[in-house]
Amino acid sequence: MLPAAGSSRIFERNLLKQQPICGKMRHMDVSCILCEEIDMERYFSLSLEHLRIPCKIYEPDFGAPQRCILGVHGFGAGKDTQILTALSEEMAIFGAATVCFDFPAHGDSPLQSDALTLQNCVETLLHTAQWTHNRYPDVDFCVFASGFGAYVTLIALEQLESRVGKVKLVLHTPNLRMSETLLGMVRMTAQQLKAAGSVVLNAERSFSVSYDFFEQLRANTALVSYDSPMLVLHGELDEILPIDDMLSFRRINEACRLVVIPGADHQFRTPGAWDMVVDLTRDWFEFEQVLLCDWR
């Protein structure tokens, strides 16, 4: 049975680069992340004041990990998605440890819809990253993030790198305009959502999304420039996230490599698409380069 990692210190934070709609960030005293014992199926939970974060860890069968990876799921999904499972198992073969987790109201999270705020999502990511970094302090820190998870990662990137150092980053179908995508998912206009107050979204787990949450997303765009190198993977036939957003993102981020997977839709159901994602991610984490050319 794997031992639990040591506690990690979390300090007062200013999480979002832009002013969030939800108002001033809460002040937090210095606290410890508590970690339950990791069970035989590699599941455990992290706890910190108002947050409880279900996680799953993958480690190499032999030898110490050569790098660690934070796996971040998309909206309405969870830590046990097909791509995170496949990626984590493959990376373990090549000597990497991966920690995946559930955002509030997603997956196995005990937190309900009222805890689904952008602030809580950012804090969940940062706390899990801090715990992962404490467990593997002397190896490269990598992040693989999909959709909404990629959006939250970008919003939190400055804070993340201030805690764990330079990050090797792969964004899989990043949702750069999350507020607009949310309206499409609930099939409402902003005015309709405001009038309703909230609406139930039936994904892998049903939960409510509120107008306040939409406003938080609208106040924080990820379509801005970043200093960190990153690999962006996008489906050529993605029916949800427009390729124009990826091209705009590529133009304002000189250190970004954009690879468009031929024939792949948003779910990457094209045969061989997932294998290509895993192979490209492994190459980026190891060499920070890929053999395929940028999409321009």
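Let me start with a question: does Thr-173 count as buried or exposed? It counts as buried, because its relative accessibility is 2%, and buried here means under 20% relative accessible area, exposed over 50%, partly exposed in between, with a 1.4 Å probe and protein chains only.

Before I go on, a word on where this comes from: it's a predicted model, where local features need pLDDT of at least 70, side-chain atom pairs count only at pLDDT 80 or more, and totals for chains, interfaces and linings use all residues. Residues are numbered from 1 along each chain as its sequence is written, and side-chain values use heavy atoms, with hydrogens and water left out.

Back to Thr-173, then. This residue has a positive phi of about 45°, although it is not a glycine. You'll find Thr-173 in the loop between β9 and α4 (178–186). Phe-268 also has a positive phi, near 55°, and is a residue other than glycine. Phe-268 sits in the loop between β13 and α8, and it is buried, with a relative accessible area of 1%.

Okay, the overall picture. The protein has eight helices and 13 strands; these are DSSP runs, numbered from the N terminus, with helices being H or I of at least four residues and strands E of at least two. Of its 296 residues, 57% are buried.

Now the sheet. Nine strands make an open sheet with mixed pairing, in the order β3-β4-β5-β7-β6-β8-β9-β12-β13, where two strands pair if DSSP finds at least two bridges between them. At the edges are β3 (34–35) and β13 (256–261), each pairing on one side only. Strands β6 (residues 67–72) and β7 (residues 96–101) pair in the parallel sense, over five bridges. For instance, Gly-71 has Cys-100 in β7 as its bridge partner.

Two helices to point out here. Helix α7 (residues 243–252) packs on the sheet, touching β12 (230–235) and β13, and contact means heavy atoms within 4.5 Å. The direction of α7 makes about 155° with that of β13; axes are lines fitted to C-alpha atoms, for helices over the stretch in contact, and angles run from 0 to 180 degrees between N-to-C directions. Helix α8 (residues 273–287) also packs on the sheet, touching β6, β8 (140–146), β9 (167–172), β12 and β13.

On to the rings. The whole structure has 11 aromatic pairs: rings of Phe, Tyr and Trp (its six-membered ring) pair if their centres lie within 6.5 Å, and planes under 30 degrees apart count as stacked, over 60 as edge-to-face and the rest as tilted. Phe-103 and Phe-148 are an edge-to-face pair, 5.4 Å centre to centre with 70° between the planes. Phe-103 lies in the loop between β7 and α2 (118–135) and Phe-148 in helix α3 (residues 147–164), so the pair ties together parts that are 45 residues apart in sequence. Phe-103 counts as buried at 0% relative accessibility, and Phe-148 counts as buried at 1%.

Ring pairs also build a cluster, linking Phe-75, Phe-101, Phe-103, Phe-148, Tyr-151, Phe-207 and Phe-213.

That's my tour, so over to you.
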